[in-house]
Amino acid sequence: MSEYDVVVVGAGLAGLRAATRLAEAGRDVVVLEANDAVGGRERTDIVDGFRLDLGFHVLNPAYPAVRRWVDVDALALRRFPVAVGVRLDDRVARVAHPLRHPGSLPTTLRSGLVRPADLAALIRWAAPTVLNARAAKKGRDFSLDEGWDRAGLRGPLREAVLEPFLAGVIADDRQETSDAFVRLLIRSFALGRPGVPAAGIGALPAQLADTARRAGAGIRLSHRVVSTRRRAHGWHLGVEGRDAVTARTLVLASGLDHALDAPHPRTRGLQTWWFAADEAPSADAALRVDGRRRGPIVNTAVMTNTAPTYAPRGQHLIQATCVLPSDATENDVRRQLDEVWEADTRPWRLLRRDDIAHALPVQDPPLRLRRPVRLDDGRYLAGDHRDTASIQGALVSGQRAAEAVLADLAR
């Protein structure tokens, strides 16, 4: 039986950050991960030579936690344009960030999607938080739907661009999510240029795991914790098919594992379809949405236009994302992709469909930026459900849980 100061259950972003901080402080810490790789929801698999992330992910280098704890340069980030292609009845229009892509401003204004009154409403809604994040924390919080109504944001900019685009980001196509949370997300998009690591999103937790190991933390893969029992001087952990482990303190960073008898957040789900093609349907690397809202897809992108490393040479990878629950069939998805990309998708090969039922914790209003990381029984929680539903929230929650452990052990 192995004994440690701290056992962290779960090698996702939160668990790896917690383990790193604890090891840096000189604590004897081990991470137990049920799967055969680190990362949790941030995982990349190789399928027929293609890099398939577990669902469509992006990494935003503007997040403060990413700037502090991640070597973004080492990830060789391939960045998407800060723009959206919008399928309309008679054409595909393109709306781009005016500061990131100043040359696209005339095209954006001619798109017919950005009316002066709607643009003024968007600025009225988003600008205070873009200029100062604290603005999102002031006053009463509403649902996103109500927040847009109160700002006077209506018309095609809302219905054809923002609603489908954000549905794929927050896994919510009814705009029930906290308005304050979405304004913080928009701030991160305005300040940063999201992308994907050249080797897939799994490169992010792989880097964090290397950092944790260098700090002195142990990481054990394929170690599924099936029970936790309180003892007089710590915790006894039963591990499936392995020897038991004991620890003075326990950090639960495994999300929704019901075997651990911990609070579970409500979640929202996403579904991603991955297709391989011999030819790209477009040279545009921007995310594309269906402004007509005629099908289950909320966004789609030719991944290899941004990151050619996601496919074998001469091949292309296309993702299409839907909000769960969804009863969409492959035919439904292909039919909409035909129209959105103005392409014949029949030759495309379906590589995989990812149904991520617990993609993101629900962020209902009012927004709570700091949920407790201490449990009454002496255990600690880490995960984006303790902060914000994002990579930023996951990393910060791991740091907060580790600091709470260190403070309590010092006492």
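Biologist: How do the residues of the lining of the second largest pocket divide into nonpolar, polar and charged?

Modeller: Please keep in mind that this is a predicted model. The lining of the second largest pocket comprises 10 nonpolar, five polar and five charged residues. In total, 20 residues line this pocket, and its space amounts to about 490 Å³.

Biologist: Which residues lie nearest the centre of the second largest pocket?

Modeller: Tyr 63, Pro 64, Ala 133, Leu 184 and Gln 392 lie nearest its centre.

Biologist: Which helices each supply at least two residues of that lining?

Modeller: They are α2 (64-69), α7 (179-191) and α11 (391-410). The largest share, six residues, comes from α7.

Biologist: Let us turn to α7, then. How is the span of a helix judged, and what is the span of α7?

Modeller: One compares the distance from the first C-alpha to the last with the span expected at 1.5 Å a residue. For α7, with 13 residues, the distance is 18 Å, close to the expected 18 Å.

Biologist: Is α7 mostly covered or mostly uncovered?

Modeller: A residue counts as buried when its relative accessible area is under 20%. By that criterion α7 is mostly covered, with 10 of its 13 residues buried. Among them are Asp 179, Arg 183, Leu 184 and Phe 189. Leu 184 is also one of the residues nearest the centre of the second largest pocket.

Biologist: What does Phe 189 pair with, and how are the two rings arranged?

Modeller: An aromatic pair is described by the distance between ring centres and the angle between ring planes, and planes over 60 degrees apart count as edge-to-face. The ring centres of Phe 165 and Phe 189 are 5.7 Å apart and their planes stand at 65°, so this pair is edge-to-face. The pair links distant parts of the chain, since Phe 165 belongs to helix α6 (residues 155-170) and Phe 189 to helix α7, 24 residues apart. Both Phe 165 and Phe 189 are buried.

Biologist: How many aromatic pairs does a search of the whole structure find?

Modeller: The search finds four aromatic pairs. One of them is formed by Trp 125 and Trp 148, which are edge-to-face at 5.8 Å centre to centre with 70° between the planes. This pair, too, links distant parts of the chain: Trp 125 is in helix α4 (residues 116-131) and Trp 148 in helix α5 (residues 144-151), 23 residues apart.

Biologist: Are Trp 125 and Trp 148 buried or exposed?

Modeller: Trp 125 is buried, at 6% relative accessibility. Trp 148 is buried as well, with a relative accessible area of 0%.

Biologist: I turn now to charged side chains. How many salt bridges does the structure hold?

Modeller: The structure holds 35 salt bridges. Arg 94 is partly exposed, at a relative accessible area of 26%, whereas Asp 284 is buried, at 16%.

Biologist: Where do Arg 213 and Asp 210 lie relative to each other in helix α8?

Modeller: An α-helix has 3.6 residues a turn, so residues three or four places apart point the same way. Arg 213 and Asp 210 are three residues apart in helix α8 (residues 203-215), and are therefore separated by about one helical turn. Their side chains meet in a salt bridge of 3.5 Å, N to O. Arg 213 is partly exposed at 40% relative accessibility, and Asp 210 is partly exposed at 38%.

Biologist: What is the N to O distance in the salt bridge of Arg 224 and Glu 240?

Modeller: The distance is 4.0 Å. Elsewhere, salt bridges that share partners join Asp 36, Arg 43, Asp 45, Arg 352 and Asp 354 into one network.

Key: Residues numbered from 1 in each chain as written. Predicted model: local features only at pLDDT ≥ 70, side-chain atom pairs only at ≥ 80, totals over all residues. Heavy atoms only, no water. Buried < 20%, exposed > 50% of the residue type's maximum accessible area, 1.4 Å probe, protein only. Helix = DSSP H or I, 4+ residues; strand = E, 2+ residues; numbered from the N terminus. 1 Å grid on protein atoms, 1.4 Å probe; cavity = no way out; pocket = protein on both sides within 12 Å on 5 of 7 lines; lining within 4 Å. Points joined across faces, edges and corners; volume = space filled by probe spheres on them. Nonpolar A, V, L, I, M, F, W, Y, C, P; charged D, E, K, R; others polar. Phe/Tyr/Trp six-rings, centres within 6.5 Å; stacked < 30°, edge-to-face > 60°. Expected span 1.5 Å × (residues − 1).
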